[in-house]
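Dear colleague,

Please find below the structure that I am handing over to you. My notes on it follow.

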Amino acid sequence: MAEQANSSFERTKRGRGKPGKTGTAVSRREEHSAGRVDKFLTTALDLFAERNFASVTIKDIAKALNVNTALIYYYFDSKTDLFRATIEYAVGRAFENVRALDDKSADPPTIIAAWLANHVNKYAEIHRFVKIALDFRGAHEGDPDIANAIENFYVEERKLLSKIVREGIKQGMFKPSDPNRMAQFISTYLDGCMVRAVILPDFDLKGAVRDLHHRVLEMLGYSGRKPAKLKPRRTSA
């Protein structure tokens with residue numbers, strides 16, 4: 001379950017469990033509720049991407065889930081609140097695999113490759129995020145919470161990429177460069193690829209991302225080999 005989905009659940013959840021219940025029972029109930037919220041957000045993401053914010057109603061989402069609208073309002077204050085949580089969920093899902101690699105201290109080239117591959121392997125999810133983000137910019141620019149949720153994707157992406165480039169330079173894998181500019185370059189190129197894939201269904205996203213990968217490694221001066229460890233110099237007696 002994505003980290004962002006959990007945070008969305010904690011903000012929108014109203015039920016806290018009845019007094020007297022054991023911790024295990026409460027934990028099971030919360031786990032069940034979190035799983036239900038995930039399902040709500042996945043379905044909402046599909047509908048918002050397939051149509052648009054204005055034309056999708058809570059009733060439409062409830063019908064797709066085969067639940068009563070009151071159950072959705074139990075977790076979300078409004079359609080706008082659900083839309084915001086849906087974006088946060090999509091952002092969390094986009095990052096979860098790459099964050100796992102970063103947490104395991106994978107080497108910088110591997111994490112960069114994983115982030116680029118993510119846009120191919122998780123194309124459907126990121127594609128939906130791009131579509132609803134574009135829809136928001138066209139119709140709902142006045143809501144700061146939603147704007148912040150969208151902006152968070154790019155903030156997190158730049159943080160992740162600049163950190164990885166900086167670490168690669170520190171380890172001697174990459175040549176000295178500006179980590180922030182490199183992160184911005186990768187992010188902007190990927191954005192162009194994803195938007196073009198939304199507009200042109202026949203666009204070769206995999207090929208474009210592969211070309212970007214080669215170009216980034218070239219710009220970073222990465223040879224495909226880890227730097228050799230320097231042997232301690234012997235001092236004459």
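Among contacts in the protein chain between residues at least 6 apart in sequence, what percentage join residues at least 24 apart? The share is 70%, where contact means heavy atoms within 4.5 Å.

Before the details, two remarks on how to read the values. This is a predicted model, in which local features need pLDDT of at least 70 and side-chain atom pairs count only at pLDDT 80 or more, while totals for chains, interfaces and linings use all residues. Residues are numbered from 1 along each chain as its sequence is written, and side-chain values use heavy atoms, with hydrogens and water left out.

The protein chain has ten helices and zero strands; both are DSSP runs numbered from the N terminus, helices being H or I with at least four residues and strands E with at least two. Of its 237 residues, 41% are buried, that is, under 20% relative accessible area with a 1.4 Å probe, counting protein chains only. The accessible surface comes to about 13500 Å², and carbon and sulfur atoms account for 50% of that; the areas come from the Shrake-Rupley method with a 1.4 Å probe.

Helix H6 (residues 108–121) meets two other helices described here. Its axis and that of helix H8 (residues 144–170) come within 8 Å and cross at roughly 150°; axes are lines fitted to C-alpha atoms over the stretch in contact, and angles run from 0 to 180 degrees between N-to-C directions. H6 is therefore roughly antiparallel to H8, the term for angles over 145 degrees. Residues of H6 in this contact include Pro-108, Ile-111 and Trp-115, and those of H8 include Phe-153, Leu-160 and Ile-164. By class, the contact has nine nonpolar, two polar and two charged residues. Nonpolar covers Ala, Val, Leu, Ile, Met, Phe, Trp, Tyr, Cys and Pro, charged covers Asp, Glu, Lys and Arg, and polar covers the others, Gly among them.

With helix H9 (residues 179–199), the axis of H6 comes within 11 Å and crosses at roughly 10°. H6 and H9 are therefore roughly parallel to each other, which applies to angles under 35 degrees. Trp-115, Leu-116 and His-119 in H6 meet Ile-186, Leu-190 and Met-194 in H9. Five of these residues are nonpolar, one is polar and none is charged.

Leu-190, in helix H9, is buried, with a relative accessible area of 2%. Among the residues that Leu-190 touches are Glu-157, Val-209 and Leu-212. Leu-190 and Leu-205 are 15 residues apart in sequence and 9.5 Å apart in space, C-alpha to C-alpha.

With kind regards

Methods
Angles under 35 degrees count as roughly parallel, over 145 as roughly antiparallel, 65 to 115 as roughly perpendicular and the rest as oblique. Buried means under 20% relative accessible area, exposed over 50%, partly exposed in between (1.4 Å probe, protein chains only). Lists of a residue's contacts leave out its neighbours within four places in sequence.
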